[in-house]
Amino acid sequence: MPLKAVILIGGPQKGTRFRPLSFEVPKPLFPVAGVPMVQHHIEACAKVPGMKEILLMGFYQPHEALSRFLVSAQQEFKIPIRYLQEYAALGTGGGIYHFRDQILSGGAEAFFVLNADVCSEFPLQEMLAFRQQHGDAHSFVILGTTANRTQALNYGCIVANADTQEVQHYVEKPSTFVSEIINCGIYLFTPAIFQHIGEVFQRNQQELVLYPYRGEESSNGWQRAEVIRLEQDVFTALAGRGKLYVYKTDGFWSQIKSAGSAIYASRLYLNQYSKSHPERLAQNKPGGPVIRGNVYIHPTASIDSTAVLGPNVSIGEGVTVGAGVRVRESIVLHGASLHDHTCVLNTIVGWDSTIGRWARVEGTPSDPNPNDPYAKIDSETLFRDGRLTPSITILGMSHLHPAPHSGASLRLTPHALSAGCSVTIPAEVVILNSIVLPHKELSRSYKNQIIL
């Protein structure tokens, strides 16, 4: 069966309080477990039999880094990969509807839609088999997982028939408890989905005729009609009609909405490497560094034999790690230099950053509750009760975004670490629970601060 995959990579965030000091690297290219975040999605899609093409869809402007990545990914996975640029943010449904001809070209009988800001085992082949067993030729499948009752309110909640797994009711981020089964942002559609999205588009157009100035300029009318959200506009209407099913996975899944969640996602992927790609993980060898747990080291990195790395450490291209260095639960991006006897814990070290001798850079982990098997990572806000919330430390952070539904709070995202972060930490200082924007050369210790 001819298949395609669409990966929704989004675009630059609105409402940014601090602009990057150099050009942005798109969020989907942020390294997680040694490779760009979206590469995990591409690898999973490329393994599905019958996959003919993978489409990345978003509203980033053409970008050199993105173009280079697409070329290398095509060479590595031996499958056509293209980027389709939306003229504006059209929502999860509006984008695929706008490019429906591109998606259906070549006679695709079904296609996956994956949000780029999630990490998962991506049980795509299992979803295909599930659809063949439970639905008709024109049914659709949502990947679901279980969350605890409190955190389920932060996601799309699914009420399904216990026997058939047909979706009976769907509510996006309900105000009261609906279900513990949540939407993972990974879908399997047939071309019939465009009929349902088209109905929403027609309804939006009719509303524009009746209410042409509903809080927006009339020149944005066409764009307003094309903005369609799969979750609120389509799934809610499809629930209970025998068209929508949920495939529940017991595998790992997490959103990547914050810098803390990027470190957590890196841990999940590194753990998966131990089963699926053990060759990607560093091993203890004579004359090499001490490896504890799952660690990824880029082949070009230079690591002193007395360094101790892990667990959950990712070392990028061209990184230099000196004698006696300790790194744990951290991501070190390419070109960074950790001088002798530095200690780096729960930190993202930005590109080309330098940490001086005997310095200590430490953050506070923001992991899910380890005693709750269904707990998910919370979207952290930068400020709580007027104080900076303890979180991971970031060297080279360039974007702070307002938290959803919050006037003053900010949430931290790895959306656009500067391509030349170049943060310099001097010797013998302590940086604790702090965020350092790019191109800063510090001269003293900091605690619980944002260094602009």
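## Helices H1 and H2

Helix H1 (residues 37-46) packs against H2 at an angle of about 30°, and the two axes sit 11 Å apart. Since angles under 35 degrees count as roughly parallel, H1 is therefore roughly parallel to H2. As for handedness, H1 passes H2 in a right-handed crossing. Keep in mind that this is a predicted model.

Who does the touching here? On the H1 side, the contact uses Val 38, Gln 39, Ile 42, Glu 43 and Ala 46, and on the H2 side Phe 69, Ala 73, Glu 76 and Phe 77. Sorted by class, that gives six nonpolar, one polar and two charged residues.

H1 itself is mostly covered, with nine of its ten residues buried. The buried set runs through Met 37, Val 38, Gln 39, His 40, His 41, Ile 42, Glu 43, Ala 44 and Cys 45.

## Leu 66 in H2

Now for a residue of H2, the helix that spans residues 64-77: Leu 66 lies in it. Is Leu 66 buried or exposed? Its relative accessible area is 3%, so Leu 66 counts as buried, the cut-off being under 20%.

Apart from its neighbours within four places in sequence, Leu 66 is in contact with Leu 29, Leu 56 and Tyr 83. Take Tyr 83: 17 residues separate it from Leu 66 along the chain, and the C-alpha atoms of the pair are 8.8 Å apart.

## Helices H6 and H8

The axes of H6 and H8 come within 10 Å and cross at roughly 115°, so the two helices are roughly perpendicular to each other. H6 passes H8 in a right-handed crossing.

From H6, the residues making the contact are Ile 193, His 196, Ile 197, Val 200 and Arg 203; H8 brings Leu 230, Asp 233, Val 234 and Leu 238. By class, this contact of H6 with H8 has six nonpolar, one polar and two charged residues.

## Arg 224 in H7

Helix H7 covers residues 221-226, and Arg 224 has its place there. Does this arginine count as buried or exposed? With a relative accessibility of 16%, Arg 224 counts as buried, because the limit is under 20%. Gln 205 is 19 residues away along the chain, yet the C-alpha atoms of Arg 224 and Gln 205 are separated by 8.5 Å.

## Ser 314 in strand E18

Over to a strand: E18 is made of residues 313-315, and Ser 314 is found in it. Ser 314 is buried, and its relative accessible area is 4%.

What does Ser 314 touch? Setting aside neighbours within four places in sequence, Ser 314 is in contact with Ala 33, Gly 34, Ser 266, Tyr 296, Ser 330, Ile 331 and Val 332.

## The whole chain

Stepping back, the protein chain has nine helices and 36 strands. Of its 452 residues, 56% are buried.

Key
Residues are numbered from 1 along each chain as its sequence is written. This is a predicted model: local features need pLDDT of at least 70, side-chain atom pairs count only at pLDDT 80 or more; totals for chains, interfaces and linings use all residues. Side-chain values use heavy atoms; hydrogens and water are left out. Axes are lines fitted to C-alpha atoms, for helices over the stretch in contact, and angles run from 0 to 180 degrees between N-to-C directions. Helices (H or I, at least four residues) and strands (E, at least two) are DSSP runs, numbered from the N terminus. Angles under 35 degrees count as roughly parallel, over 145 as roughly antiparallel, 65 to 115 as roughly perpendicular and the rest as oblique. A crossing is left-handed if the near helix is turned anticlockwise from the far one by less than a right angle, and right-handed if clockwise. Contact means heavy atoms within 4.5 Å. Ala, Val, Leu, Ile, Met, Phe, Trp, Tyr, Cys and Pro count as nonpolar, Asp, Glu, Lys and Arg as charged, and the others, Gly among them, as polar. Buried means under 20% relative accessible area, exposed over 50%, partly exposed in between (1.4 Å probe, protein chains only).
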